[in-house]
Structures are given as C-alpha cells and as structure tokens.
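Please look through the structure shown here.

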Amino acid sequence: LAQHSNPEKLASELSILDRKHLLHPSTNPKAQVQHGPKLIFSGGEGIHLHDMKGNTYIDGVSMLWNVNLGHGQKELADASYQQMTNIAYASTFYGYANEPTVRLAEKIAALAPGDLNTIFFTSGGSESNDTAFKLSRFYWQLRGYTEKRKIISLRRGYHGVTVAAQRATGIDAYRNFSGSIDPDIDNAKAHLTECELGAKDHPEYEGSIRSIIEKEGKDRIAAVIVEPIQGAGGVHIPPEGYLKAVRKLCDEFDIHLIADEVICGFGRTGKMFGVDHWEIVPDFMSIAKGITSGYAQLGGVIMKEHIRDTITEYDDMLAHGFTYSGHPTACAVGLKNIEIIERDGLVSNASLMGQELEKGLHYLEDKYHFVTNGRTKGLLAGFDLMEDPKADIPFDGSVKAATTLVENCYERGLLIRPFDFEPGMNIVAIAPPLIVNKNDVEKIIQILENALTAFSQKLKN
Ligand code: PLP
C-alpha cells in the first residue's frame, strides 16, 4: 500500500510475496510458484475490474458467481461500516441474538418458498451443505431412524470442499482430493436424467436417484442434494419436470430434498430462487454467495417448519455452529443487499438481460458451427464447443478448446470460465452481475465473437 505511486513496482513486489507465501485455491500450485499470480486486482466498479497493470476487464462471471451487485457498491460498504462501528461481531451461540441477524432471518423466511421459515447461518456454501446433511441426519435420529444417514448427490454437482460437501460433489478432482472420505456420502453417482420422471425400464435407470434408493433401501438414506441448475459442473439446466419428479420421489420414500441454491439464490436465474422456476419446495435450502453479493462471508440453511419443530423438541444443546454463524456485519450487508435487489428490480433485470444473452448466444451458434447448446436461465448461462456438434464429435483434448477461448476473451478484456474436467467436455460459463444492461450484454457478445473468430482462425492454421 505504501508504494501505490509506483504500481508496476508494487505489482512485482506482490507477485514475489504471493509466490512465496500464498497457496491459492483451485489453482495449479507449481505454475503459481513459477509464474506468480495471473492477475492482481486493484479495484472495480459495477461490472468492471481493474488490475495493477492498468487493464480493465468485464467481470463476466461475477468473480465466483457471487458479486451480483457488481463491484464498488457503496451502499453495501456503508451498511458494513455502520454495523462495524456499532457492534461488528456478536456471537449467536448460547442463545445470544442481535438485530441484523434476526431481521435477516425474518426477511429470508419471507422470500423463501413454502414454509421454509427457519435458518441456521453459516459462513459459506460448503458449511451450509455440511450443516444441511447434519441437520437432516439429526432430524431422522430424533425420529428414531438412526440408520437413515446416506446422502445422494448428482454427477457434476458441486457442493463445496469441506469433507462432507467434497464427497457430495460429483466432480472427480474435487471429490477425490487428498483421499478424504465420509463413508455415508459415497453416492455421488446419480445422473441428471429423465429417468426420475418415471419408468423403471428407462434406459438410464441404472445410476438414477431412484435406482440408488431402491438398491440402498430408503431407511438408509437421509437426503438427496441437487443444485436447481448445476453451476461448476458446466451450467446444466435440468430437463423440464425433473425437479418436480425428484421432489415426488423424495416424498414417496420419505427422504429429504436439499436444494443447493448457493449460486442460483437471490436472483441469479431471473427468479428469487432456482427452485421457483419449477415451483417445488425442498426440505432444506442451502444459500451463500448472492446473499451478500460477496461483500461479506455468509451462508445458511433454510428448513421447513416440520423439521424445525422436530429439532426444537430436542431439550439439550444443539452441538453445531460456527463462530461466524449469524455474523452481525455480514447480516447487515445481507439485509442491504436484498433491499437493493428488490428496490432496483434486479431479479427481473436478470430475467430480461438473460433473454438478451440468449439471443447473443444463438447469434454465435449461427455464426460458428462449433458453438452449440447455448443455454441461459436468467444470467446463468453456458455453451459448448464441439468439433462437429451435429455428429456429436468433441474437440480433441489437445485443442484445449474451452481454455483457449477463455484465454482469447481474457486478452480482449472479458473474464469468463472454462469447464473441461471430463474427456470431450468444453463448456464455457457466463454469469455477469445482475446489474448489467443491454449495452453490457452486447459488449460481452462482441468480445466473445472476436475471441471465437480468433479461435476459428487458429483451428485453420
Ligand atoms: N454449492 C454450490 C452450488 C457452489 O457453487 C459452491 C461454490 O462455488 C458451493 C456450494 C461452496 O461454497 P463455498 O465456496 O462458499 O464454500
């Protein structure tokens, strides 16, 4: 900070210190130590980010799908300042409470569908999913079903990196990292398949949620966890009727349904919550990210009333909780964040701008034969790159199609994300802040078009 007058010198100093002292998440550590950070951010406003070299980028994925109000939002900073100067932190352990935490709980209960009316606060998404698993199991224990412990999750689902959330994640690199194991969560193998819609003789029955329940036995399964729309698995929107069918299945076998709304929640998909598109009410809903637009670390698990009623019959200490459960400053930011989302109509803006984005993706599909499967739900969008989509031929792995395209976008001032963790997979995700306007979306499509043209020229050489 002392050397801001010479940003180049500061950047190289930070790079040296970073290589020596920082281990980055979801980053190649060897490359990190060799080359230092790819970008050192120095500031941002709205949908734009600046780096120390003086470059400006459009934040096309809201950093980690979380900075929904965009960067440099002063009202959120003010809410944080006011709370911090009043009482920055107060515990919610041992029955203590404070105003922003209680008010935010009330607000979330009002927004969440059905009778999802009680929240347990955490500091992020992984903690929320671990908490949902524990509360689900605890509920079944209280009802006398001590064997009802297993969790079924979906292939390509991403639920975080704490041990339980990691094992529920259906992306192998994360799921298997460091060999950590939770023996009750070994079911990350169900597909996002239409089989759940009914027939047992469906060709995809094997590996479906229904087949796992039938094999394991309903008395051993606590819950099914799904993202309403899978994010980090490559932006997969479920087949129409799928979530309703999963809800029905859970009811049929008396199993909890956990909706992981960590990305979808708070307007990202053009409705307040992802499940609202399909009008289902899960038993638990995990939230994080968009609750504060990333301005403070906050998450939570919202639960239905009958679950709360069973748990509140328990007459001893609920031995679960994080130091930052219900952090007053984070909750004050959350309250302000929701106030702004409602005041500025950002949920419907996400829906409208999502339609613009969809038009743009279709335009790119028409122009480039290797762009396919463009999909959007509000401002959660993705598309695939394939050598020959009609013949279902993927790009050879050596082309590194998604990574190359994302690099081309980066060079042109747009940050987006590639997903290529399975052979033949080349998915690109776009999820800009909910404050984008039509011009911003056009700019994103324009940069993508230039980047795709460069990519197609490279293919020819
Ligand atoms: N669930 C989903 C759907 C996510 O996308 C993520 C993070 O990307 C998580 C859970 C984990 O959240 P966190 O990184 O805050 O622990």
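Helix H6 (residues 125-142) contributes the most to the shell around the ligand, with 3 residues. Helices (H or I, at least four residues) and strands (E, at least two) are DSSP runs, numbered from the N terminus. The model is predicted: local features need pLDDT of at least 70, side-chain atom pairs count only at pLDDT 80 or more, and totals for chains, interfaces and linings use all residues. Residue numbers start from 1 along each chain as its sequence is written.

Around the ligand there are 15 residues, of which Gly124, Gly125, Ser126, Gly160 and Val262 come nearest; a residue is near if its C-beta atom, placed from the backbone, lies within 6 Å. By class, this shell has 6 nonpolar, 7 polar and 2 charged residues. Ala, Val, Leu, Ile, Met, Phe, Trp, Tyr, Cys and Pro count as nonpolar, Asp, Glu, Lys and Arg as charged, and the others, Gly among them, as polar.

Elsewhere, helix H5 (residues 99-111) packs against helix H12 (residues 328-343) at an angle of about 40°, and their axes are 8 Å apart. Axes are lines fitted to C-alpha atoms, for helices over the stretch in contact, and angles run from 0 to 180 degrees between N-to-C directions. H5 is therefore oblique to H12; under 35 degrees counts as roughly parallel, over 145 as roughly antiparallel, 65 to 115 as roughly perpendicular and the rest as oblique.

An open sheet of 4 strands runs in the order E1-E2-E3-E13, with mixed pairing. Strands pair if DSSP finds at least two bridges between them. Strand E3 (residues 56-59) and E13 are parallel over 2 bridges, and Asp59 stands opposite Leu415 in E13.
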